[in-house]
Amino acid sequence: MNRKDDHLVYALKQENKINDFDRVRFVHHSIPSIGIEDVDFGTYIGKHKSNVPIYINAMTGGSKKAKEINQLLYQLALSFDIPFALGSFSNGLKDIKLLDTYMVYNNDDENRPIIMANIGADKTLEDAKKTIELLGVDVLQVHINAPQEMVMPEGERDFTSWSDHIKQMVLELDVDVIVKEVGFGMSKETVEKLKKLGVKMIDVGGRGGTDFVHIENQRRTYKMDYLENYGLSTVESLLEIKDISNIRVYASGGVRHAFDVVKSLALGAEAVGLSRFFLELVSTKTLEEAKRTTKELLLEIKEIMVLLNAKSLTDLRHKDLVYDLELMNYLSQRK
Ligand SMILES: Cc1cc2nc3c(=O)[nH]c(=O)nc-3n(C[C@H](O)[C@H](O)[C@H](O)COP(=O)(O)O)c2cc1C
């Protein structure tokens, strides 16, 4: 089986019931003064307006199975106008015949949702230009995934080119560029460094959901299982960077339901990415059931916003949050 197909299988086997979102609570205020019709949860992905505050985050492409998954994910994206990130285009760059496993959308369709392509920071500016041209996307995600590379038997062992590649891409490309982690989170030092490279948008991609160390360990003979759970959680990452200005923050990693989405938004994210959630939906449910669940997810986000008396994402950002002791301990050590 190819690597991307392995990832689909092992990602679905992984279960993460508890994560750092459970360490965050809202202070409850008993008398909301708005109704659900008052809520507008629209946002922006880069310069593109999105009517929903979530996106389907990067997963797959490059095989027959990947194409089927992408087609189903795109049906959800199209039905609810949800921005949709394709999986890493590295296979497409190697073999143009695989283009149709990514291009499951029609660029001439005026109802097409925001589409994001995805490549690794090991790729050059030329690779990035080719990706954007071939796929006709609105946004480019550039993933940084050092822990995964280390555990991947065939992974990268030299990261000396990453910073330069990122710098060139943000400087030269016309589309919005989001630098994204893949489940290991981002420290404030990382984000300051990215800012120096010219990066304007990040997806903190934190720990708490899909763990690529665990996934890659399934593909190795000599397991590095001591590295499982490595990294910063999505909540820790958002708290790390909450005082950094002039950077647009997106969040993903371990988002299980509407409440995690709302907590991420309250912690400063402009939109929230879900991968495993949507992979499970399209892999285990009929398309009709998957649509019903997606509709319910969006409704529940609005309902929780009413409960918190937030008409918009800006209102949500001012909500009182409290953290448990373990999280407070982390924060006090990082002061
Ligand atoms: C099957 C699978 C494949 C993935 N492939 C990619 C990828 O190609 N590029 C990327 O940036 N992230 C990739 N990711 C990582 C996700 O975009 C996301 O950052 C991570 O899964 C954490 O989110 P989750 O907990 O909602 O799954 C993949 C995730 C899954 C589950």
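Of the elements around the ligand, α1 gives the most to the shell, with four residues. This is a predicted model, so please read every distance below as a property of the prediction. The shell as a whole holds 21 residues, and the closest are K4, A58, N118, T210 and G254. By class, it is made up of 11 polar, six nonpolar and four charged residues.

Now zoom in on the polar atoms. K4 places a polar side-chain atom 2.8 Å from an oxygen atom of the ligand. The backbone takes part in such pairs too: a polar backbone atom of G254 is 2.8 Å from a ligand oxygen, and one of S275 is 3.0 Å from a ligand oxygen. How much of the ligand's accessible area does the protein cover? On its own the ligand has 610 Å², and the protein covers 98% of that. The elements that supply two or more shell residues are α1 (3-13), β5 (84-88) and β8 (176-181).

Stepping back, you will find 14 helices and 12 strands in the chain. The radius of gyration is 19 Å, which agrees with the value near 20 Å that a compact globule of 335 residues would have. Along the principal axes, the C-alpha atoms fill a box of roughly 60 × 45 × 40 Å.

Inside the chain, 54% of the 335 residues count as buried. Among contacts with a separation of 6 or more, 75% join residues 24 or more positions apart.

Terms used:
Residues are numbered from 1 along each chain as its sequence is written. This is a predicted model: local features need pLDDT of at least 70, side-chain atom pairs count only at pLDDT 80 or more; totals for chains, interfaces and linings use all residues. Side-chain values use heavy atoms; hydrogens and water are left out. A residue is near a molecule or strand if one of its heavy atoms lies within 4 Å of it. A polar contact is a pair of N or O atoms within 3.5 Å; within protein, one must be able to donate a hydrogen and the other to accept it, and residues adjacent in sequence count only if both atoms are side-chain atoms. Accessible areas come from the Shrake-Rupley method with a 1.4 Å probe; for residues, only the protein chains shown count as cover. Ala, Val, Leu, Ile, Met, Phe, Trp, Tyr, Cys and Pro count as nonpolar, Asp, Glu, Lys and Arg as charged, and the others, Gly among them, as polar. The radius of gyration is taken over C-alpha atoms; the globule rule is 2.2 Å times the number of residues to the power 0.38. Buried means under 20% relative accessible area, exposed over 50%, partly exposed in between (1.4 Å probe, protein chains only). Contact means heavy atoms within 4.5 Å.
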